[in-house]
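These are my notebook entries on a structure that I looked up region by region. The conventions come ahead of the entries.

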Amino acid sequence: MQENNIKTIYRSDYAAPEYLVGHIELTFLLDAAQTKVKSRLRMQKNPESANPNAPLVLNGEALHLESVSLNGVPLKPGHYQLSDELLTLPNAPKVDVFTLEIETLISPQSNTALEGLYLSTNMLCTQCEAEGFRKITYYPDRPDVMARFSVLLIADKEKYPVLLSNGNQVSSGELKHNRHWVKWEDPFPKPCYLFALVAGQLDCLESAYVTGSGREVTLQIYAETHDIDKCEHAMRSLEHAMRWDEAVYGREYDLDRYMIVAVSHFNMGAMENKGLNVFNTKFVLARGDTATDADYEHIEAVIAHEYFHNWTGNRITCRDWFQLSLKEGLTVFRDQSFSADRGSPAVRRIEDVNLLRTRQFAEDAGPLAHPVRPDSYIEINNFYTLTVYEKGAEVVRMLHTLLGTEGFRKGSDLYFERHDGQAVTCDDFVKAMEDANQRDFTQFRHWYAQAGTPKLTLKTDYDAVAQRLTLNVEQLCAPTPGQPVEQPLHIPLKLGLISPSGQDYALRLEGEEAGTTTTRVLDVTQAQQQFRFVDIPEKPLVSALRGFSAPVTLEYELNTEQLAFLLAHDSDAFNRWDAGQRLSSRLILNLTEEHPAQSDVELLIGAFQHLLEQHWDDLELLAQLLTLPNEDYLASQVKVVDPVAIHNARNNVKKRIAVCLQTDFSRLYARHHVSGDILLDRSGIGRRKLKNTCLVYLTALDNGETSALAAEQFAQARTMTDQTAALACLLRSSAAEKNACLEQFYRQWENEALVIDKWFTLQAACPVTGTLEHAEALLQHAAFDWETPNRVRSVIGAFSQSNAVNFHREDGSGYRFLADAILRLNAINPQIAARMLTPLAQWRRYDTQRQAGIKQELERIFAHPGLARDVYELAQKSLITA
Ligand code: B3K
Ligand code: ZN
């Protein structure tokens with residue numbers, strides 16, 4: 001346990017900064033072992049400060065302070081106070097502008113937490129969000145202090161030929177002792193979390209872009225030499241994202257250069273530093289033979305996400321970290337809309353909702369639940385959560401649904417016009433949406449304040465004589481510990497009514513004129529509400545929550561026939577898929593309770609057969625419709641989760657489907673499998689997704705013939721999609737070839753770190769018995785490295801988050817494995833350690849034996865001396881008794 005430095009920060013304690021920084025001049029004498037940082041700040045007392053006598057307080061951690069001077073006069077230690085986290089100057093000027101100069105020493109190569117300035121392979125780079133800048137120099141490290149940055153980088157010419165920072169390169173030159181320098185200036189004032197520098201031996205892929213208004217921008221992607229041939233897709237993605245933001249939001253890029261650097265040691269996906277994005281290599285590098293179709297898709301989405309932050313995050317930033325969703329929720333919504341426009345909107349929506357419903361809903365129902373705009377935190381890095389990101393995006397999407405595309409655009413235009421160059425709040429965003437559309441979103445704002453997933457219950461009453469359907473809607477907001485009474489939310493309920501012959505009825509509420517609309521949005525605002533639809537000649541089925549119009553759980557009783565009917569007929573692709581998921585979940589979960597459900601199996605198989613007989617333009621969508629709900633989703637449908645029973649039941653259903661539809665799957669596989677296929681366009685992606693879905697079913701039969709099919713695909717694959725899909729199927733089967741294939745894969749890709757990550761993941765996530773021992777052995781593999789987050793995620797993350805059946809072994813050994821890893825990571829990289837802890841927070845969902853096993857490990861973690869703040873907070877909150 002760790003008790004020093006544990007302090008809870010409250011949103012209600014927000015106060016304007018005491019001092020402002022107009023300009024900061026940074027000089028770095030770069031060296032991996034020891035870097036000298038000189039900072040020269042032009043500062044002034046904030047005229048809006050509530051406390052005119054407050055001292056000047058600067059944040060700083062793990063810094064060696066060399067000197068401080070004020071207006072050119074060196075300060076003696078008596079003139080300031082220094083603690084582990086703060087540098088305080090009680091007598092800083094209260095009125096005049098003054099200059100503060102500070103020199104510090106830092107050691108990038110010993111920085112394994114990868115926050116601040118650190119060494120990744122041979123490259124020096126930074127990560128400052130949320131509070132990493134304080135590990136570089138003493139500074140008011142908070143997002144509402146915005147300053148102009150000038151940065152001078154000095155380094156050895158051979159080790160660090162490329163020297164990058166934010167903004168524009170203004171000059172450069174040579175120095176003696178084989179050193180050189182480059183000076184950068186960023187004309188846009190920014191919070192220090194957006195500062196970045198990169199130094200190293202890097203190659204560059206360059207492209208020219210002209211904005212809608214004619215500004216010429218140089219686009220550059222930097223990577224290590226052997227990776228530069230894998231940057232084309234990222235470049236094309238960036239160009240598409242830039243064009244899209246111009247067309248959809250009217251936003252152009254604002255500097256002469258846009259740089260992206262791919263680094264192999266990175267705590268998360270990427271970082272939107274102004275003009276100089278730093279990326280995890282995983283979200284930049286792609287070549288058909290090294291990256292899967294899913295990788296291509298994720299790269300495009302993350303490149304777009306970071307680019308979109310230039311307006312939603314950088315030009316307009318957050319006032320404080322409680323407002324994180326202001327930039328993250330909005331930017332995720334923007335990247336989701338972009339991806340939908342680029343590919344199959346239905347499939348993208350299905351993927352996004354799947355993530356939300358399985359992972360975010362679980363977070364929102366567990367001990368780590370918090371509102372989209374949290375009220376308190378101990379370690380802000382713990383709040384880069386699915387709730388802030390994914391639920392935050394759903395909240396923005398609901399505003400879009402309520403206002404329509406035009407109204408939303410009016411709102412975003414006003415937001416950009418009003419707040420450009422400012423640090424603002426979630427409330428400011430909603431206010432702009434309201435003011436631009438003369439709407440009142442007072443009630444809607446509760447979405448930002450209330451944690452928990454609301455439940456929406458629908459009941460219908462059909463009056464055949466009056467040809468009227470009455471829809472009774474009830475909303476129930478989950479009580480969250482420590483939260484006052486929950487208020488009813490403003491929920492956009494998008495729906496349609498489907499006739500017995502499968503047609504959508506025109507929707508007219510009582511008292512309205514007749515119209516032709518077949519899908520509409522109802523404003524649900526009360527705890528209980530009634531809607532009456534007229535002119536409905538026959539009893540319809542409700543297609544509720546079309547496109548998943550609100551992040552809620554839906555209770556609407558439908559029998560299996562009705563679900564099969566919706567799967568076949570709903571005009572809303574998302575709801576078609578959802579009906580299929582509900583239908584197959586019911587079947588699988590019945591099996592765990594050992595109810596024979598032969599008729600239901602037949603029903604599902606009939607529904608699948610019907611799908612297979614239709615003509616499909618969107619093969620990806622067909623593949624989604626044929627995929628059984630994942631184990632996380634199934635787990636979310638039951639009160640007490642038995643991961644082994646769920647896994648087995650799902651497998652059983654999969655096998656029964658495979659047996660019945662073997663001929664269809666084989667035929668479909670043969671039709672869409674093109675040996676040696678490398679087509680990376682949409683049609684290629686759809687074909688591969690569909691035929692690999694067929695392969696999953698076929699190999700579930702686990703016979704010599706199906707193993708041979710997978711082995712052949714593996715051997716002939718020219719795309720990483722086909723190679724890994726085949727290998728995953730082989731590893732799950734009893735195929736004799738599997739070890740040889742694993743071996744071959746390793747030898748083939750030994751020098752491609754990202755592919756070797758896949759090699760680790762495929763094994764750690766494999767549901768066969770004995771994977772725990774295998775994962776333990778993987779940690780001893782020469783290529784495993786505790787200091788590389790991607791590698792840690794590829795084994796420990798994959799095992800604990802994508803392998804429920806092994807992780808939840810009844811003897812508790814899976815939990816022990818994870819806890820050991822967390823404690824080891826605690827000393828190396830607290831952010832990664834804390835990320836790994838989240839599966840343990842879910843302990844209340846399991847049976848008593850598993851609960852005890854998990855709790856025991858949580859307690860062991862919590863009792864560990866020297867726990868980092870990140871791990872401390874999550875362990876402590878997970879253990880709080882409800
Ligand atoms: N803003 C960064 C995340 C920073 C995480 C700090 N622990 C990436 C993104 O959301 O775009
Ligand atoms: Zn983001």
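The entries below record the conventions, then a zinc site, a loop residue, a set of strands and the aromatic rings.

**Conventions.** I worked on a predicted model, in which local features need pLDDT of at least 70, side-chain atom pairs count only at pLDDT 80 or more, and totals for chains, interfaces and linings use all residues. Residues are numbered from 1 along each chain as its sequence is written, chains are lettered from A and ligands numbered from 1 in the order in which they are written, and side-chain values use heavy atoms, with hydrogens and water left out.

**Zinc site.** I looked up which atoms coordinate the zinc ion (ligand 2) and found H305 (NE2), H309 (NE2) and E328 (OE), at 1.9 to 2.1 Å. Donors are N, O and S atoms within 2.8 Å of the metal (3.2 Å for Na, K and Ca); water is not among the atoms, so sites may look incomplete. Along the chain, the donors of this ion have the spacing H-x3-H-x18-E. I noted that both H305 and H309 are buried; buried means under 20% relative accessible area, exposed over 50%, and partly exposed in between, with a 1.4 Å probe and protein chains only.

**Residue L30.** I located L30 in the loop between β2 (19-29) and β3 (35-45). Helices (H or I, at least four residues) and strands (E, at least two) are DSSP runs, numbered from the N terminus. L30 has a relative accessible area of 7% and is therefore buried. Beyond its neighbours within four places in sequence, L30 has contacts that include L117, L124, L153 and L197, where contact means heavy atoms within 4.5 Å.

**Strands around β18.** I then turned to strand β18 (residues 216-223), in which 6 of 8 residues are buried. Strand β17 (residues 203-210) runs antiparallel to β18 and is joined to it by 8 bridges; two strands pair if DSSP finds at least two bridges between them. In this pairing, S207 stands opposite L219. β17 and β18 form a hairpin with 5 residues between them, and G214 in the turn has a positive phi of about 95°. Strand β19 (residues 257-263) runs parallel to β18, with 5 bridges, and I221 stands opposite I260 in β19. The chain passes from β18 through helix α1 (residues 232-249) to β19 in a left-handed β-α-β crossover. A crossover is right-handed if, with the strands pointing away from the viewer, the path from the first strand over the helix to the second runs clockwise.

**Aromatic rings.** How many aromatic pairs does the structure hold? I recorded 38. F714 and F745 form a tilted pair, at 6.5 Å centre to centre and 35° between the planes. Rings of Phe, Tyr and Trp (its six-membered ring) pair if their centres lie within 6.5 Å; planes under 30 degrees apart count as stacked, over 60 as edge-to-face and the rest as tilted. This pair links helix α15 (residues 704-716) to helix α17 (residues 738-749), its members being 31 residues apart. F714 is buried at 2% relative accessibility, and F745 is buried at 0%. F760 and F784 form an edge-to-face pair, at 6.3 Å and 75°. I also noted a cluster linked by ring pairs, with W244, Y249 and Y307 among its members.

**Charge over a ring.** R334 lies over the face of Y249, at 4.5 Å from the ring centre. The criterion is NZ of Lys or CZ of Arg within 6 Å of the ring centre and within 35 degrees of the ring normal.
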